[in-house]
Amino acid sequence: MSIAQTEETFPDIREGVRRLCARFPGPYWQALDADRRYPTEFVTTLANEGWLSVLIPEAYGGSGLGLAAATAVLEEIHRSGCNGGAAHAQMYTMGTLLRHGSEGQKAKYLPKIAAGELRLQAFGVTEPTSGTDTTRIRTFARREGDHFVVNGQKIWISRAEHSDLMVLLVRTTPREDCAKPTDGISVLLVDMRDAVGNGLSIRPIRTMLNHATTELFFDNLRVPVENLIGEEGKGFRYILSGMNAERILIASECIGDARFFIDRASAYAKDRQVFGRAIGQNQGVQFPIARAHVQMTAAAAVVEKAAALFDSGVQPGTEANMAKMLASEASWFAADMCVQTHGGFGFAEEYDIERKFRETRLYQVAPISTNLILSHVATHVLGLPKSF
Ligand SMILES: Cc1cc2nc3c(=O)[nH]c(=O)nc-3n(C[C@H](O)[C@H](O)[C@H](O)COP(=O)(O)OP(=O)(O)OC[C@H]3O[C@@H](n4cnc5c(N)ncnc54)[C@H](O)[C@@H]3O)c2cc1C
């Protein structure tokens, strides 16, 4: 990371994404939010213009760029007031297929994903009873001839209704029969177009933000064995690298959110006159904006470091976690600051601030909650005793 890079990496990417986002202004998102509708036009445009395939190698029709470039895409989407949550999974779930899929699987799916003909937006990990303790997932895939037969339940699986494919984590050997809890877990690529109504049913969950999240029920869903990614029983390891990418990409969305709030608050504080002067002239108003900028800048440096490590071939578990935690806290501080700076107008839907406020809150819980990150740092980095 060079000093010159810290302000604006990938200026061409950022400019291109900003131009695209300008076609999807606040009223577009406000209308979707009111009806909890999926931003199909926005996601289709992103895919058609190649922004969702930056991580797919050129040999499969993508741009062959690294994670750092992908963070620039998502950061700009969020800084523009849009939301990448509708589309970001295509970037990190694709990595599981790219790194661990067979040549046949990659040739079959990646070019179509890169061309925007196939949507890979669903990542099925979380279950109602296991929560964050992923090794306790119960969704089970039993081998029957040339198929796996899947039974179980997932929760909070976002975009499942808007995806053609899903990367699904299942147990293929019961936990108690494995040497290690992380053994016996496998990754299946589920073709949603065949599955829905044939063993898979989807129940949407309405949440405080427009995130198209759902609950999935598997009742003897048959998945061809050829859709197993990598080796049976080794799936936990395969998704870990995807999870690091996911945390870094989501951290970049938080940085974009924080910049959005800081931009909006600065502009409003310069403009809004109360007691005969701009509210931003009061240090009580300007200091929280400045503090948000300081926190965002520090978090952005850690996100950049994590992405650079990832692109160098390292699996930056600790850095990805720390980046996600710092960025989600920076965006939440900035969100709260922005509402306060706007006074009553911070609550008006047409300002987009209350919507972004709700949206950015998610990232202290998903894809991994702050306590679990602190636990990782305490035990893996500092050597403190494990609590679980
Ligand atoms: C809108 C939304 C979209 C999502 N999308 C997806 C998706 O697409 N795919 C997917 O697989 N999942 C998805 N998730 C799930 C998300 O990853 C989980 O909600 C998140 O990982 C937290 O898990 P949990 O909800 O089961 O919380 P739990 O594991 O039940 O934890 C609840 C609280 O207890 C704390 N806690 C738990 N154990 C400990 C401990 N030992 N020490 C200290 N604190 C602890 C946690 O930090 C948390 O604050 C989504 C969630 C939401 C809300």
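Colleague: Which of the residues that surround the ligand are the closest?
Modeller: This is a predicted model, where local features need pLDDT of at least 70, side-chain atom pairs count only at pLDDT 80 or more, and totals for chains, interfaces and linings use all residues. Residues are numbered from 1 along each chain as its sequence is written. A residue is near a molecule or strand if its C-beta atom, placed from the backbone, lies within 6 Å of it. The ligand is surrounded by 23 residues, and the closest are Val125, Gly131, Thr132, Trp156 and Ser369.

Colleague: Which elements give two or more residues to that shell?
Modeller: Helices (H or I, at least four residues) and strands (E, at least two) are DSSP runs, numbered from the N terminus. By that reading, the elements giving two or more residues to the shell around the ligand are strand E1 (120-124), strand E3 (147-158) and helix H12 (370-381).

Colleague: How many charged residues does the shell around the ligand have?
Modeller: Ala, Val, Leu, Ile, Met, Phe, Trp, Tyr, Cys and Pro count as nonpolar, Asp, Glu, Lys and Arg as charged, and the others, Gly among them, as polar. The shell has 11 nonpolar and 12 polar residues. Charged residues number none: there are no charged residues.

Colleague: What is phi of Trp156, roughly?
Modeller: Trp156 lies in strand E3. Its phi is positive, in a residue other than glycine, with a value near 65°.

Colleague: Which helix gives the largest share of the side of domain 1 that touches domain 3?
Modeller: Two residues are in contact if their C-beta atoms, placed from the backbone, lie within 7 Å, and the contact takes 26 residues from domain 1 and 26 residues from domain 3. On the domain 1 side, helix H2 (26-35), helix H4 (67-79) and helix H5 (89-100) each give two or more residues. The largest share, 10 residues, comes from H4.

Colleague: Are H8 and H9 roughly parallel or antiparallel?
Modeller: Axes are lines fitted to C-alpha atoms, for helices over the stretch in contact, and angles run from 0 to 180 degrees between N-to-C directions. Helix H8 (residues 235-271) and helix H9 (residues 283-311) pack at about 155°, with axes 9 Å apart. Angles under 35 degrees count as roughly parallel, over 145 as roughly antiparallel, 65 to 115 as roughly perpendicular and the rest as oblique. H8 and H9 are therefore roughly antiparallel.

Colleague: How are H4 and H9 placed relative to each other?
Modeller: Their axes come within 8 Å and cross at roughly 140°. Leu67, Ala68 and Thr71 of H4 meet Val303, Ala307, Ala308, Phe310 and Asp311 of H9. By the angle, H4 and H9 are therefore oblique.
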